[in-house]
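Subject: Structure handover

Hello,

Here is the structure you asked for. My notes on contacts follow below it.

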Amino acid sequence: MKRERQQATDEAELKFRAALAEESDFPLSDELYDYITAHAEARNYTKGEAIVEEGVVDPDIYIVKEGVIRGYMTHEGTETNIYFGMEGTVLASMQGFSLGQAAIIRFEACCKVTMLRITKSDFDRMMEESHEFCRWFAGVFTRRSCYDELKAKVMNGDARWRYEWLERCRPELFDNVPLKAIASYLKMTEVHVSRIRKSIVKGKKI
């Protein structure tokens, strides 16, 4: 039993490392991976719990180690989902990180989530002392910019294509995220998403 638990832990660690490596344009060496995780504090969150609260100044960097998170804004009681984060996703309130101002996006756990947190002071020190870390993190921003361009293209497609793209690329969302949040992200109503889902299921049965 102990050996099986250790094997499961090792497999989860390898999966997380592989996901983190996909987050940047630059390679993630074993030494850099160890450097990042050594300077990070693991924190656990329950479903619905805020990782970064809207209206609170939080300059720190977070990395999703396990689970699914979402980022959304609230205006007059209506939620607008901005993005989702899975294993390996690096995130921060850019208002807090860059400007030292209150967050305008709430980061929330969609299920049981484990995050790695790097404080802003530690992050600044890491950027100064490690050229490899600095280069890797610059690659995080360029990779994110590429994804933002792709998302813009996807959101200009028709509704069914948008839904199928998300289902194909991020299937884990449909097991962990409320339909309301998915609909908001896809810029549709829940009713529209439900109709698309039913037509897809019906088509597969034929």
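Start with Arg70: at 6% relative accessibility, this residue counts as buried (buried is under 20% relative accessible area, exposed over 50%, partly exposed in between, with a 1.4 Å probe and protein chains only). Before you read on, note that this is a predicted model, in which local features need pLDDT of at least 70, side-chain atom pairs count only at pLDDT 80 or more, and totals for chains, interfaces and linings use all residues. Residues are numbered from 1 along each chain as its sequence is written, and side-chain values use heavy atoms, with hydrogens and water left out.

**Salt bridges**

Arg70 forms a salt bridge with Glu79, at 3.0 Å from N to O. The term means a side-chain nitrogen of Lys or Arg within 4 Å of a carboxyl oxygen of Asp or Glu. Glu79 is partly exposed, at 27% relative accessible area. Both residues belong to a network of salt bridges that also takes in Glu53, Arg106 and Glu108.

The search of the whole structure gives 15 salt bridges. One of them joins the side chains of Glu87 and Lys15, at 3.6 Å from N to O. Glu87 sits in the loop between strand 5 (78–85) and strand 6 (90–91), and Lys15 sits in helix 1 (residues 2–21), so this pair ties together parts that are 72 residues apart in sequence. Helices (H or I, at least four residues) and strands (E, at least two) are DSSP runs, numbered from the N terminus. Glu87 is partly exposed at 22% relative accessibility. Lys15 is exposed, at 54%.

Arg43 and Glu41 also meet in a salt bridge, 3.6 Å from N to O. Arg43 is partly exposed at 30% relative accessibility. Glu41 is partly exposed too, at 38%.

**Aromatic rings**

A pair of aromatic rings is described by the distance of the centres and the angle of the planes. Rings of Phe, Tyr and Trp (its six-membered ring) pair if their centres lie within 6.5 Å; planes under 30 degrees apart count as stacked, over 60 as edge-to-face and the rest as tilted. The count by this rule is eleven aromatic pairs.

Phe16 and Tyr33 make a tilted pair, with 6.1 Å centre to centre and 55° between the planes. Phe16 is in helix 1 and Tyr33 in helix 2 (residues 30–38), so the pair ties together parts 17 residues apart in sequence. Phe16 and Tyr33 are both buried.

Tyr163 and Phe174 make an edge-to-face pair: 5.3 Å centre to centre, 70° between the planes. Tyr163 lies in helix 6 (residues 159–169) and Phe174 in helix 7 (residues 173–176), eleven residues apart. Tyr163 and Phe174 are buried as well.

One aromatic cluster is made up of Tyr35, Phe97, Phe123, Phe133, Trp136, Phe137 and Phe141.

**Charges over rings**

Phe97 from that cluster has the charged end of Lys120 over its ring, 4.9 Å from the centre. The rule asks for NZ of Lys or CZ of Arg within 6 Å of the ring centre and within 35 degrees of the ring normal. Lys65 lies over the face of Phe16, 5.9 Å from the ring centre.

**One more contact**

Which residue is 8.3 Å from Asp25, C-alpha to C-alpha? That is Ala138, 113 residues away in sequence. Ala138 lies in helix 5 (residues 131–155). At 39% relative accessibility, Ala138 is partly exposed.

Best wishes
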